[in-house]
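Thanks for coming, everyone. I have one structure to walk through today. Please take a look at it before I start.

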Amino acid sequence: MLRIADIKENLPKVTKGLEKKGVADAAAQLGELVKLDDLRRKTQMEMDAALNESKTISKQIGVLMQSGDKEGAEKAKAQTGELKSKSKNLQDQLKEAEEQLTQMLYNLPNIAHDLVPEGKTPEDNKIVLENGTMPELAENAKPHWDLIEQYDIIDFNLGNKISGAGFPVYKGKGAKLQRALINFFLDEAAKAGFDEVQPPIVINTDSGYGTGQLPDKEGQMYGIVDSDLFLIPTAEVPITNIYRDVMLKEEDLPVRNVGYTPCFRREAGSWGAHVRGLNRLHQFDKVEIVQITLPENSYAALEDMCTYVESLLEKLELPFRKLLLCGGDMGFTSAMTYDMEVYSAAQKKWLEVSSVSNFESYQANRLKLRYKKDGQSTLLHTLNGSALALPRIVAAILENNQSDKGIAVPKVLQSYTGFDLID
RNA sequence: AGAGAGUUGGCGGAGUGGUCGAACGCGGCGGUCUUGAAAACCGUUGUACCGUGAGGUACCGGGGGUUCGAAUCCCUCACUCUCUGCCA
């Protein structure tokens, strides 16, 4: 979340950044925040004074008791009654002010970077790169939902029976292709200098707040009955939360982690007839890269991560484009986000397969993730990106690589799959 | 899952109601000594919030309570260890 001190110091900039993000009443909300913070400080001053006074008397009572002056002690005790209720009141007020302040800050998104384009909808995103050649498909080319049935590699009906819609069963060469992609992505990341971790796929509420899924996206996560735990919507949550309440050393930076996990999303409200096959699932596999950097290095790291993700798409021989998201289309916690979209030729659609974001210190502030800079604790910057999400990659491979003979497996994957054709 | 024992500063470990933010040891940092280093000795060494500052307040796993006063007593939750049970 944003820091109240920063907000007060840069009010116009924060207002603008929030408005770009789509917070219509930003100025009013910030005004409220500033007022609340002033109240908080004033209350603390009064409370500290009251506590100081009663503490002093208490110490005197201790001394009097020890010297055997019971009367004096009783007299002193009488003085504390009023102070006690006063400081208790102030304490309650302070707590309330702090709670309100935190609530408001929790519900305030990160501010957009200056270079983020204005806009409200995906149409306002800026295409910054197009790469690869568009496949030319035969007249009778099929969308992937038909191909998976034809080759019997993914079974939605079976998933319906076991779990429900959006939980497919991968079979035979389909299952092997999944495993191949996961291993390929992990190996590539390792080569690029990311340290592999395998985190839990359920998280507690502290972790949810740490990276900003709570309270913003509670409805998007699957909760676990009777336990205050959630299934992760992305590995970003458990991996980044490794560093919650951590003071890193400058020489440890940058931290670069990669992890594979399944991801679970309710996708409440976004389910519709236009979302077919692998385009949107409740459970999907993803390899995620996470970086923690010095503040001054985070935008260079963002570019590096994009370059890395692009290299994966090139190796898979998939045509893709890179978008710089406009303020209105960005995630709650992000300061700048690039999306990577592959072209899925039979359904003639661009599919988002990666989202690479710089959160600056927004998550770090919630996480209390810091390092010592000249003896001062300073918030670090966090970043993450999909590298990559599987289902839509699979959709694009199936559609783009289809022919009469079957579906050609990209060369880089063949040593992982053990076959070069799905037929 | 049941029974018991724990959780104190970077680490180890005292402290069971009163000047305790916390003895002592280790580690870290600074210094003396040394050509340099080691050893020895001296000093210093948590975090956050409030305050222009002097300084103040809070924090001994989390939350709540008793008390003039809580690391210390009570309740509750979480976690760790040991034993029993169950299990991949």
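Predicted model: local features only at pLDDT ≥ 70, side-chain atom pairs only at ≥ 80, totals over all residues.

Where is the place of Pro215? Pro215 sits in the loop between H8 and E6.

Now the overall view. Chain A has 13 helices and 18 strands. Along the principal axes, its C-alpha atoms fill a box of roughly 100 × 45 × 45 Å. The chain has 423 residues, and 49% of them count as buried. Take the contacts with a separation of 6 or more. Residues 24 or more positions apart account for 73% of those. On charge, chain A carries 50 positive and 62 negative side chains. The centres of those two sets lie 3 Å apart.

Asp38 makes a salt bridge with Lys8, and the closest N and O atoms are 3.1 Å apart. Asp38 belongs to helix H3, residues 26–66, and Lys8 to helix H1, residues 4–9. So this pair links distant parts of the chain, 30 residues apart. Asp38 is partly exposed, at 37% relative accessible area. Lys8 is partly exposed too, at 27%.

How many salt bridges does the structure hold? The count is 20. Here are two more of them. Lys286 and Glu288 meet through their side chains, at 2.7 Å from N to O. Both Lys286 and Glu288 are buried. Then there is Lys322 with Glu310, where the closest N and O atoms are 3.3 Å apart. Lys322 is in strand E11, residues 320–324, while Glu310 is in helix H10, residues 298–315. That pair links distant parts of the chain, 12 residues apart. Lys322 and Glu310 are both buried. Some salt bridges share partners: Lys8, Asp37, Asp38, Arg40 and Arg41 are joined that way into one network.

Back to the loop I promised. Leu214 is there, between helix H8 (205–211) and strand E6 (223–224). Is Leu214 buried or exposed? Leu214 counts as buried because its relative accessible area is 2%, and the cut-off is under 20%. Leaving out residues up to four places away in sequence, Leu214 touches Thr205, Gly208, Tyr209, Met221, Phe230 and Arg366. Asn107 is 107 residues away from Leu214 along the chain, yet their C-alpha atoms are separated by 9.3 Å.

Now the backbone in that loop. The peptide bond from Leu214 to Pro215 is cis, with omega near 0°. There is also a cis bond from Ala387 to Leu388, with omega near 5°. Leu388 is in strand E16, residues 381–389.

Why point these out? Most peptide bonds are trans, and most residues other than glycine have a negative phi. That second point brings me to two residues. Asp245 has a positive phi near 55°. Asp245 lies in the loop between helix H9 (236–241) and strand E8 (246–248). At 54% relative accessibility, Asp245 counts as exposed. Lys348 is not a glycine either, and its phi is positive, about 55°. Look for Lys348 in the loop between strand E12 (336–344) and strand E13 (349–358). Lys348 is exposed, at 62%.

Last stop, the surface. Which residues gather in a patch of negative charge? They are Glu250, Glu251, Asp252, Glu296 and Asp374. Asp374 is in the loop between strand E14 (369–373) and strand E15 (376–379). Its relative accessible area is 78%, so Asp374 counts as exposed.

To recap, two things to find on your screens. One is the cis bond from Leu214 to Pro215. The other is the network that includes Lys8 and Asp38. That's it from me.

Key. Residues numbered from 1 in each chain as written. Chains lettered and ligands numbered in written order. Heavy atoms only, no water. Patch = residues over 30% accessible without salt bridge, like charges linked within 9 Å, V, L, I, M, F, W, Y side chains within 5 Å. Areas by Shrake-Rupley, 256 points an atom, 1.4 Å probe, with all protein chains shown as cover. Salt bridge = Lys/Arg side-chain N within 4 Å of Asp/Glu carboxyl O. Lys, Arg positive; Asp, Glu negative; His and termini not counted. Charge placed at Lys NZ, Arg CZ, Asp CG, Glu CD. Helix = DSSP H or I, 4+ residues; strand = E, 2+ residues; numbered from the N terminus. Buried < 20%, exposed > 50% of the residue type's maximum accessible area, 1.4 Å probe, protein only. Contact = heavy atoms within 4.5 Å.
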